[in-house]
Amino acid sequence: MSGSAVIGLGNPLMGDDGFGLVALARLRDEWTLEGVELADGGTWGMSLLPLIEDAERLVLLDAIAAGATPGEVVVLERDRLPIYLTRKLSPHQVDLRDVLAVAEWRGKLPAETVAIGVQPQSVQMGLELSPAVDRAVETAVGVVIARLVQWGHRCEPREPAASCMR
């Protein structure tokens with residue numbers, strides 16, 4: 001792949017943890033992004049490694065616990081990302097930190113990598129985002145678009161779908 005990848009992360013069954021996937025869906029539904037691959041990373045773990053390593057630039061969309069006010073947009077540049085191998089009870093417990101650490105160790109983590117997300121309010125069993133996080137989705141998507149434009153991508157809003165009413 002040449003270009004940028006935007007990976008939405010999180011678990012949609014855990015309230016605000018599903019933010020990354022909601023923001024990714026908004027990007028997919030409302031924007032035409034030239035040279036950008038959008039991927040639903042969910043909780044894929046090490047399966048994300050080829051996508052990450054093949055990208056020239058990388059945006060990670062996720063709920064980010066940064067001690068900020070719930071719903072506040074958080075941007076972590078590459079040098080602030082938690083990139084290390086974690087201690088596990090099972091080899092099946094691979095999270096994003098491990099994937100980034102492996103890509104870094106192999107010298108294939110894109111130099112331009114950024115995590116864009118929001119401070120979650122509630123990460124508990126549930127299908128809905130909290131009101132604070134839901135209100136922040138549009139702002140966070142705007143931050144992603146600004147970053148992609150900065151990286152040289154053409155980003156244009158899609159026209160709303162025509163109604164099928166007679």
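The model is predicted. The chain holds 4 helices and 7 strands. Along the sequence, these elements run β-α-β-β-α-β-β-α-β-α-β. Of the 166 residues, 45% count as buried. Among contacts with a separation of 6 or more, 80% join residues 24 or more positions apart.

- Helix 1 covers residues 19–30, which is 12 residues.
- At 1.5 Å a residue, helix 1 should span 16 Å.
- The buried residues in helix 1 are Phe-19, Gly-20, Leu-21, Ala-23, Leu-24 and Leu-27.
- Strands supply part of the cover over these buried residues, including strand 1 (4–9), strand 2 (31–33), strand 3 (36–42), strand 4 (57–63) and strand 6 (112–118).
- Helix 4 (131–150) is also part of that cover.

**Helix 1 against helix 4**

- Two packed helices are described by the angle between their axes and the distance between the axes.
- Helix 1 and helix 4 pack at about 55°, and their axes are 10 Å apart. Helix 1 is therefore oblique to helix 4.
- The crossing of helix 1 past helix 4 is right-handed.
- Helix 1 brings Phe-19, Val-22, Ala-23, Arg-26 and Leu-27 to the contact. Helix 4 meets them with Val-133, Val-137, Glu-138, Ala-140, Val-141, Val-144 and Ile-145.
- By class, the residues of this contact are 10 nonpolar, no polar and 2 charged.
- Phe-19, Ala-23 and Leu-27 take part in the contact with helix 4, and these residues are buried.

**Helix 3**

- Helix 3 spans residues 96–105.
- Asp-98, Val-99, Leu-100, Ala-101, Val-102 and Ala-103 are buried in helix 3.
- Those buried residues pack against helix 2 (49–54) and strand 4.
- Gly-107 follows helix 3 and has a positive phi, near 70°.

**Leu-60 in strand 4**

- Leu-60 sits in strand 4.
- Leu-60 counts as buried because its relative accessibility is 2%, and the cut-off for buried is under 20%.
- Beyond its neighbours within four places in sequence, Leu-60 contacts Ile-7, Leu-9, Leu-96, Leu-100, Thr-113, Val-114, Ala-115 and Ile-116.
- Leu-60 and Ala-5 lie 55 residues apart in sequence, with their C-alpha atoms 8.4 Å apart in space.

Methods:
Residues are numbered from 1 along each chain as its sequence is written. This is a predicted model: local features need pLDDT of at least 70, side-chain atom pairs count only at pLDDT 80 or more; totals for chains, interfaces and linings use all residues. Side-chain values use heavy atoms; hydrogens and water are left out. Helices (H or I, at least four residues) and strands (E, at least two) are DSSP runs, numbered from the N terminus. The expected span of a helix is 1.5 Å times one less than its number of residues. Buried means under 20% relative accessible area, exposed over 50%, partly exposed in between (1.4 Å probe, protein chains only). Contact means heavy atoms within 4.5 Å. Axes are lines fitted to C-alpha atoms, for helices over the stretch in contact, and angles run from 0 to 180 degrees between N-to-C directions. Angles under 35 degrees count as roughly parallel, over 145 as roughly antiparallel, 65 to 115 as roughly perpendicular and the rest as oblique. A crossing is left-handed if the near helix is turned anticlockwise from the far one by less than a right angle, and right-handed if clockwise. Ala, Val, Leu, Ile, Met, Phe, Trp, Tyr, Cys and Pro count as nonpolar, Asp, Glu, Lys and Arg as charged, and the others, Gly among them, as polar.
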